Amino acid sequence: MRKILQMVVFSVFILNIGCAPKQKKKEKAPEKAKQVVLSDDERMEWWRDARFGMFIHWGPYAVPGGERNGEICKGGAEWIMDKLDYTIEDYEKEVTAKFNPVEFDADKWVKMAKDAGMKYIVLTSKHHDGFCMWDSELTDYDVMDASPYKKDIVKALSEACRKADIHFCLYHSIVDWHQPQAQAPLYPNYNAGQKDQTVVNPEFPKYYENYLKPMVGELLTKYDNVDVIWFDGDWIADYTTEMGKDFYSYIRGIKPNVIVNNRVDKGRNGMEGMDKEGNFAGDFGTPEQEIPATGIDSDWEACMTMNGSWGYKPSDTNWKSSETLIQHLVDIVSKGGNFLLNIGPDAQGLFPPESVERLAEMGKWTKANGESIYGAKASPYDRPDWGRYTSKEGVVYAHVFDWPKDGVLHLNPNMKIKSAGLLADLSTTLDVVDHSIKLPAEAPDQYVSVVKIVLQ
Ligand code: FHN
């Protein structure tokens, strides 16, 4: 009789929370951090100086690469579970069970990011498909138990970043197509709130309190060098601004100096990414696949793909040129923002060759001209027709996209110029006449040449 009672109690417990936690050691509450609490400006300083980071969208969705039985998923390949209507069981069987990236080498990835001039890496710890890229105590739907790979990917990249002295950051999705409480009940298509914002799921608060929140706490305590939590999936109706504000203070309570984007709350104005009027949590705005038309005097970071997909999608050959990517970096910094440029590694754990090629080109440029990017800010001068200005104390960097045919660079008439030289070769000074500079016939850089102007 006692046995039956125990069985009844146990199954009620499981039904109640909906996702049976791993039968592993009791998850202890995340330790309170013992760090010195920095001011907001001190906490944001490294991020503001960094200016350029690598986004990595990687997970089981790299296996199908956006294609199922000959059908191509529209948009990002990381949405294939939703867009091509996998059931949870089918996705586990056809996709997750085949995720075995045996070529993955975290040190190689980090070296490519550093050589490209990137100062931080943001890896998807869990995207919308709910698959966890680390050894989690909270679920069996992780790389250790649900995939043949069985190695902790978050740990590998965390350690490779520490070794290479580059900031390690995590993207974490609020949306979760694997967690029953995170989806609208009884709907074949996941997360029906995504398609119909009026659909709400009464179970969602349980998912938030018992799964999503402790999971981020686990990541922050298991991997001690997480410097940014980059939330996504803030748009669903189930997720409330009360949860967002609670989440932000919970995270800062564990790690006071961590930086959190504005998608932790509900303030984001769509893909334009900046906060609408009101009081919302989050440390920086997140324009996506677009660059604001003018400078913005708050912290923001534009995230962008190299082709059209965040996740690996070989059928998408619409690659931005290296020139375009370098000009985007300059344009963003000239408006006071950061550039988070995405890589979608394949199912073997390799960067697509087109991405490798562009990273190398950007690395050559940032090696020669990085002084005009890192720690640089928007300039007080209006944007010139031929390019962009960035600035530092007493210095303006003129980024010339269109090299003048007559060899004369016309600058802003309010600029009081003391001297000027080509950043790529400061050994020769350039002739300055009033607000114009005499340039050599040939531009030193094939994409964007930089003139360093010392102000009076
Ligand atoms: O739905 C996601 C998408 O898959 C990708 O992660 C981008 C990049 O942040 N964010 C969402 C779309 O806005």
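Reader: Which residue in S9 does Met54 stand opposite?
Author: In this predicted model, strand S1 covers residues 52–56 and strand S9 covers residues 338–343. The two strands run parallel and are joined by five bridges. Within S9, the residue opposite Met54 is Leu341.

Reader: What is the order of the strands in the open sheet of seven?
Author: The seven strands of this sheet pair in the parallel sense. Strand S7 (259–260) and strand S8 (301–304) are the edge strands, and each pairs on one side only. The order is S7-S6-S5-S4-S1-S9-S8.

Reader: What angle does the direction of helix H9 make with that of S9?
Author: Helix H9 consists of residues 322–334 and packs on the sheet. The strands it touches there are S1, S8 and S9. Its direction and that of S9 make an angle of about 150°.

Reader: Which strands does helix H10 touch?
Author: Helix H10 spans residues 353–369 and also packs on this sheet. Its direction makes about 150° with that of S9. The strands touched by H10 are S1 and S9.

Reader: Which are the edge strands of the open sheet of six strands?
Author: This sheet has antiparallel pairing, and its order is S10-S11-S12-S18-S14-S15. An edge strand here pairs on one side only. The edge strands are S10 (377–378) and S15 (425–429).

Reader: Which residue in S11 is the bridge partner of Ala378?
Author: Strand S11 holds residues 387–392 and pairs with S10 in the antiparallel sense. Two bridges make up this pairing. In S11, Ala378 has as its bridge partner Thr390.

Reader: What angle does the direction of H9 make with that of S11?
Author: H9 packs on the six-stranded sheet too, where it touches S10, S11 and strand S12 (395–400). With the direction of S11, the direction of H9 makes an angle of about 50°.

Reader: How many residues does the hairpin that joins S14 to S15 pass through?
Author: Strand S14 (residues 417–422) and S15 run antiparallel and are joined by two bridges. Gly421 stands opposite Thr429 in S15. The hairpin from S14 to S15 passes through two residues.

Reader: What share of the area exposed by the ligand taken alone does the protein bury?
Author: An N or O atom in the side chain of Trp79 is 2.8 Å from an oxygen atom of the ligand, and a polar side-chain atom of His128 also lies 2.8 Å from a ligand oxygen. For Tyr171, a polar side-chain atom lies 3.3 Å from an oxygen atom of the ligand. Taken alone, the ligand exposes 330 Å². Of that area, the protein buries 93%.

How values were computed
Residues numbered from 1 in each chain as written. Predicted model: local features only at pLDDT ≥ 70, side-chain atom pairs only at ≥ 80, totals over all residues. Heavy atoms only, no water. Polar contact = N/O pair within 3.5 Å; in protein donor to acceptor, adjacent residues only side chain to side chain. Areas by Shrake-Rupley, 256 points an atom, 1.4 Å probe, with all protein chains shown as cover. Pairing = 2+ DSSP bridges. Helix = DSSP H or I, 4+ residues; strand = E, 2+ residues; numbered from the N terminus. Contact = heavy atoms within 4.5 Å. Axes fitted to C-alpha atoms, helices over the stretch in contact; angles between N-to-C directions.
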